[in-house]
Amino acid sequence: NKLLSLCMIVKNEELNLPKCLDSVKDVVDEIVICDTGSTDKTIEIAKNYNAVLTSFLWVDDYAAARNQAIQYCSGEWILYLDADEELSKESAEKIRDLIKNSSPKHGGFICDVLSKHYNDNNELEDYVGKYSRLFRNLGYPKVKFFGRIHEQITPSIIENGLQILASDIKIIHNGYAIPRNEMEAKVRRNLNILLSHVNAEPTNGYAWYQLGNTLAQMKIYDQAKNSLINAIKCANLSTFLICNTALQLADISSKEKNYRETIRWTNAALEVMPD
């Protein structure tokens, strides 16, 4: 009879976890936390919130860890967050009504993830990402995450013939407002996981897409372009990701002052998503 489960994977998050859980504790019917090797007070904090706890031996695969966690969720719907995120107060007040009033055809809702990050001039900028963070619990493996990093639930929902709708649910992400050296360390870690992923699955367009984005962050533009073009050639990206890939290629071309290519890739994005 549970309506909504919170699902998380964590490691050494004693500083962030209380703020995250405080934002949802009065909204969700259960909290499920999968720990991947904490050595601080993370587990103790989770117990204070009566969380259902499970553990996972880390294998550089975020989807595998999340798939372990969702198997412990008993709610009709699942909201997944990271420890450095919180549900906005306004969203906490409306999320239950949103899913209560949903149709059986609705499998997920796209949420706005609001992040602050430092740009090349070391100035804080706002970035809004849109992700299916709230989805119907069809049971694993019918519904599951894929992608060793920047894992996604959307393809699984679509494969089950369900719709994904826009929503005004907002999640605040604090994890990118960190010093440049810490951000660079994160990017290098991601790079190693993604290189392993494309070697293991060379026809996985999503892996190439994320590798290209990471290389672009590192300003290794030639390799970034090759990876992004490979992503398109795999012919298994969603329409949204094809558009995003073309826009990333346009952005790289612009930074290289190759404006003919900038226009070409921008037009390619418009062809895919004209609206």
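Glutamate 85 lies in strand E5 (residues 85-87), where strands (E, at least two residues) and helices (H or I, at least four) are DSSP runs numbered from the N terminus. The model is predicted, and local features need pLDDT of at least 70, side-chain atom pairs count only at pLDDT 80 or more, and totals for chains, interfaces and linings use all residues. Residues are numbered from 1 along each chain as its sequence is written, and side-chain values use heavy atoms, with hydrogens and water left out.

Glutamate 85 counts as buried because its relative accessibility is 3%; buried means under 20% relative accessible area, exposed over 50%, and partly exposed in between, with a 1.4 Å probe and protein chains only. The side chain of glutamate 85 is joined to that of arginine 133 by a polar contact of 2.8 Å. A polar atom of the glutamate 85 side chain also lies 2.9 Å from the backbone nitrogen of aspartate 82. Polar contacts are pairs of N or O atoms within 3.5 Å; within protein, one atom must be able to donate a hydrogen and the other to accept it, and residues adjacent in sequence count only if both atoms are side-chain atoms. With neighbours within four places in sequence left aside, glutamate 85 is in contact with Cys20, Val113, Arg133, Ile171, Ile172 and His173, contact being defined as heavy atoms within 4.5 Å. Of these residues, valine 113 is 28 residues from glutamate 85 along the chain, and the two C-alpha atoms are separated by 8.8 Å.

The chain as a whole has 10 helices and 8 strands. Its radius of gyration is 19 Å, which agrees with the value near 19 Å for a compact globule of 275 residues; the radius is taken over C-alpha atoms, and the globule rule is 2.2 Å times the number of residues to the power 0.38. Along the principal axes, the C-alpha atoms fill a box of roughly 55 × 40 × 35 Å. Buried residues account for 46% of the 275 residues. Of the contacts between residues at least 6 apart in sequence, 66% join residues at least 24 apart.

The largest nonpolar core has 44 residues, of which Cys7, Phe135, Phe145, Ile153, Tyr209 and Leu211 touch the most other members. Helix H7 (residues 205-217) supplies the largest share of this core, with 7 residues. A second, separate core holds 30 residues, including Leu4, Val10, Val27 and Leu87. A nonpolar core is a set of buried Ala, Val, Leu, Ile, Met, Phe, Trp, Tyr and Cys residues joined through side-chain atoms within 4.5 Å. Not counting residues up to four places away in sequence, cysteine 7 touches Val32, Ala69, Ile70, Cys73, Ile78, Leu79, Tyr80 and Leu81.

The structure holds 7 aromatic pairs. In one of them, the ring centres of tryptophan 58 and tyrosine 62 are 4.8 Å apart and the planes are at 75°, so the pair is edge-to-face. Rings of Phe, Tyr and Trp (its six-membered ring) pair if their centres lie within 6.5 Å; planes under 30 degrees apart count as stacked, over 60 as edge-to-face and the rest as tilted. Tryptophan 58 is partly exposed, at 30% relative accessibility, whereas tyrosine 62 is buried, at 18% relative accessible area. Ring pairs also link Tyr80, Phe135 and Phe145 into a cluster. The charged end of arginine 66 sits over the ring of phenylalanine 145, 6.0 Å from its centre. Arginine 264 lies over the face of tryptophan 265, at 4.6 Å from the ring centre. A charge sits over a ring if NZ of Lys or CZ of Arg is within 6 Å of the ring centre and within 35 degrees of the ring normal.

Glutamine 152 lies in the loop between E7 and H5 and is buried, with a relative accessible area of 19%. A polar atom of the glutamine 152 side chain is 3.4 Å from the backbone oxygen of histidine 150. Beyond four places in sequence, glutamine 152 touches Tyr131, Lys144, Phe145, Phe146 and Tyr206. Proline 141 is in the loop between strand E7 (124-136) and helix H5 (154-159), and a cis peptide bond with omega of about 5° joins tyrosine 140 to proline 141.

Positive phi values occur at aspartate 60, near 55°, and at lysine 257, near 60°; each is a residue other than glycine. Aspartate 60 is placed in the loop between strand E3 (52-55) and helix H3 (62-70) and is partly exposed at 40% relative accessibility. Lysine 257 lies in the loop between helix H9 (239-255) and helix H10 (259-272) and is exposed, with a relative accessible area of 61%.
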